[in-house]
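Dear colleague,

Please find below the structure that I am handing over to you. My notes on what was found in it follow.

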Amino acid sequence: MKVHVDGIEVELPAGTSAIDAVFSAGGDVPYFCAHKYLSPLGACRMCLVESGSPRKNPDGSFVMEGEGDAATPKIFWFPKPMASCTMQATEGMHIRTAKTSEVVAKAQAGMMEFTLLNHPLDCPTCDKGGACELQDRAFEYGYGASRFGFDRRHAEKHYPLSDFVILDQERCIHCKRCVRYFEEVPGQEVLDFIERGGHTFIDTEEGGLPTGFSGNITDICPVGALLDNVARFRGRNWEYDHTPTTCTLCPVGCSITVDARNGRLERIVAGENRDVNEAWICDAGRFGHPFASEERLTTPLVRNEDGALIPATWDEAITAINRGLLGLPLADLGLFVGADATLEEGAALAALADALNARHVDHFPRHSVFIAPTATLTDVATADAVVVLGADLGEEAPVLELRILEMLRGGLLPAEFAHGTAIADLRLVERPARRPERLAVIGGESRLWGHAGHRVSANGENALTRLAHPDTDDLKAVRALLDGAERPVLILGADALRGASGSAAALLADLASRTGAKVIAIPAGPNSNGLAALNLVPRTGGLGVDRLGEVPAAFISRLDPGMRAGGFTVVHDTHLTATAQLADVVLPAVTNYEKRGTVQNLEGRLLPLNPAAIQSGEAADLIRTLTALAEALGVKAPARGQRGAQTLLMGSVGVNTATVQVGGALHTFARTFVAPAAPHTPKLWTERMRSRDRDWVERIHDLVEGGWTLPVAPAAPQPGGDD
Amino acid sequence: MGVLEIAKGMGVTLGKLFQKPVTVSYPEQRATLQPRFRGRHILTRHPGTNLEKCIGCSLCAAACPAYAIYVEAAENDPAAPVSPGERYAKVYEINMLRCIFCGMCEEACPTGAVVLGNEFEMADYRSRDFVYAKEDMLVGVTGSIPQRREATRLGKPVRLGFQLDGGQPRAELEGVKYP
Ligand code: SF4
Ligand code: SF4
Ligand code: SF4
Ligand code: SF4
Ligand code: FES
């Protein structure tokens, strides 16, 4: 299909919207209400273009214009500018944007004037300022001056929808993105427009927003009406250091941008990764970051003669470790690491364990079986049946839940163009028909429960066996769903994997091959999938982290079992955890927001981490900490830095992580290491949202209760005020 | 060159000898400044309510070519607001060593909060004493940090080394009075 945009001819697939045709031709159209992953609506009327198409005579030939060879199909223009986001481009269509059409330029400037009529001039105090679509577009396409000399609309300016999202009703431009987001993405009908015309405002019926995925509306609101309450007034958009990286709070590995200012992590916004999280992240990933800048350990701590942990230098800590481990056979030192360590860190630890001949090596959390993922997240979204076994996705892998809900909407992934994801994919519709019969949930009740057509309460651990040999009608129906589907996906959660053994893996493989189902077993920890490829499990005669108390001496990184080893204990962590308080030497660690490295997510995708500018004193990642530990033990350090660890990783598993791109790449490791593990229940949400700064929650409450009336003299308008 | 020319030249010199000098014996005597002279910043307040005009928007910091300004904003307590509206500057600092007194901050400020005043005597001993905080610049504070330190030591009011031509600061310097 050929389309002409401002005289440039572009070749496009049928069904493309006019707005995407313009962007494909390298043009630009301002837009507010269209959003890549939401249905096009045509609410804001900013994306106006002039358009026309050729018309055919009754005999099938084109109505021509001109004489002889110079004749071309006559273009019949629409009498008025059209909204390009809701208009489908057709064969031979001609489109004129503001670049070539006075009419469009005037219409857009006029539309902008309407949008700004009731928009307060809040830019200096608005957290969106500097990253605001309305600001940018008003600058590019507006008149540049206001002709509106009257009082603007006044509405609630300070309206917390929840502890995490704050609404300013005056700033809303009624694009309806937030309303559509809740309806279409997490499938929760909570927000809506109330009243009509100039009085329209956004509110919830029930009061409050459901937790889980509410923060995404702060990203998509094109103005500063919906804002991140955690990052409120922490900095202006141009003052933040923006670091695109990967969230490693759970095994989904969403793309995020970490915004830091003055060495503090102030805000996290979603990044786009079409293969993983599209443009959405969960609330734990977005709002669960204050721990990274609160009460951090910034120096090593060494226990003195009085039994108190006192700040020390790294050299003093190395000396203390050396003295504490004197006489201990090196092979007796336990090496334990949290499963959110990067692959590079894991490789360095495995190499040190080899060098020491250490037996007590482990990472936590992990399952006793390793089930290699065969489905990708895109497979989940485009499946025609999904069976979830024993998973509480909200606590284990929240964004996986969104991809399942996408499957229920028909799994329509927006098209991709050279300019990126389609801005308006016309196949996405408002209030899409859902197909709950395609989803079966077996296990305990969870948020997903309400969306599923098949719900079977079952004990997670033997659910797999029961699904393989269905014994009730419910299970038989689920099995029939699996058997009848063409692209089924089976998702196993912690309840199903806890205590699972090799026979369960065989049973699963058998079930998968019989039904043709692809499988995702949600790893226990954020990088458990990747770390399983490294020899980080108890070796012959070794003990796991669950039997820490019996290990003669231990080095524990980013783990909080709340106990110490039998003897000398070194803890490497970001905070003074319960375990760190019991340790003999505490070494300060960096969070995953401050690391460079690679992790592997639940679908086997290698994803890169980039370090954000967060202040953490003398904290070090595991690779550098192991160098210090090696020095204390008098052995050669396996790797001195990131480069060395990458080489180690290349040598041990044959993966060059230096070349991992932003979007990540699927990878299957040839070999994996498993060992019996203690049962583990992921608690992502509960853990992340725990350390809240009480202060501001109360403050917001006070503000609402206080009614937000200021003792300001009402008479004379303030200089510099907006009207 | 003749004797006559030399005599003429000497005549000019002699003539000047009996005129009133244009130099002043600063600092014993006060220098006279034009009101448009630009010196140390003043953070003004709204007359009447006495609330700070600054809303902590950081636009001055963004406009500053010398990166001299640092602003940290916070939410107003409705019971005891610092500025009108939701937002105020919790921390507002200008590094006077970096500042080139260009006035871009004043131009960028949407509320007319930061205005370059007329004070210029800020010489001090340690670099860190050149970082002026909000309490050093709010309207009503007379004198620089070293001048106020000296005044406290001597138990006397701050003595500024200048007076304004015409006696009145610029209109933007709302509420500012130089003694
Ligand atoms: S609150 Fe924001 S996203 Fe929602 S309708 Fe208003 S402008 Fe659009
Ligand atoms: S789903 Fe997981 S990876 Fe994604 S934002 Fe939430 S915690 Fe982070
Ligand atoms: S006067 Fe110029 S250099 Fe000084 S603080 Fe203002 S903008 Fe910066
Ligand atoms: S002085 Fe003006 S520009 Fe600077 S933060 Fe305050 S209000 Fe904003
Ligand atoms: S009408 Fe809003 S983007 Fe087209």
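A patch is made of residues with over 30% relative accessible area and no salt bridge, with like charges joined within 9 Å and nonpolar side chains (Val, Leu, Ile, Met, Phe, Trp, Tyr) within 5 Å. A salt bridge is a side-chain nitrogen of Lys or Arg within 4 Å of a carboxyl oxygen of Asp or Glu, and accessible areas come from the Shrake-Rupley method with a 1.4 Å probe, where for residues only the protein chains shown count as cover.

This is a predicted model, in which local features need pLDDT of at least 70, side-chain atom pairs count only at pLDDT 80 or more, and totals for chains, interfaces and linings use all residues. Residues are numbered from 1 along each chain as its sequence is written, chains are lettered from A and ligands numbered from 1 in the order in which they are written, and side-chain values use heavy atoms, without hydrogens and water.

On the surface, L14(B), L17(B) and F18(B) form a nonpolar patch with about 380 Å² of accessible area together. L17(B) belongs to helix α1 (residues 3-17) of chain B (a DSSP run of H or I, at least four residues; strands are runs of E, at least two, and both are numbered from the N terminus).

Chain B also has an open sheet of three strands in the order β3-β4-β6, with antiparallel pairing (two strands pair if DSSP finds at least two bridges between them). β3 (69-75) and β6 (131-132) of chain B stand at the edges, each with a single partner strand, so one side of each lacks a neighbour in the sheet. Seven bridges join β3(B) to β4 (residues 87-95) of chain B, and V71(B) has Y92(B) as its bridge partner in β4(B).

Y92(B) is also one of the residues that surround ligand 4 (a heavy atom within 4 Å).
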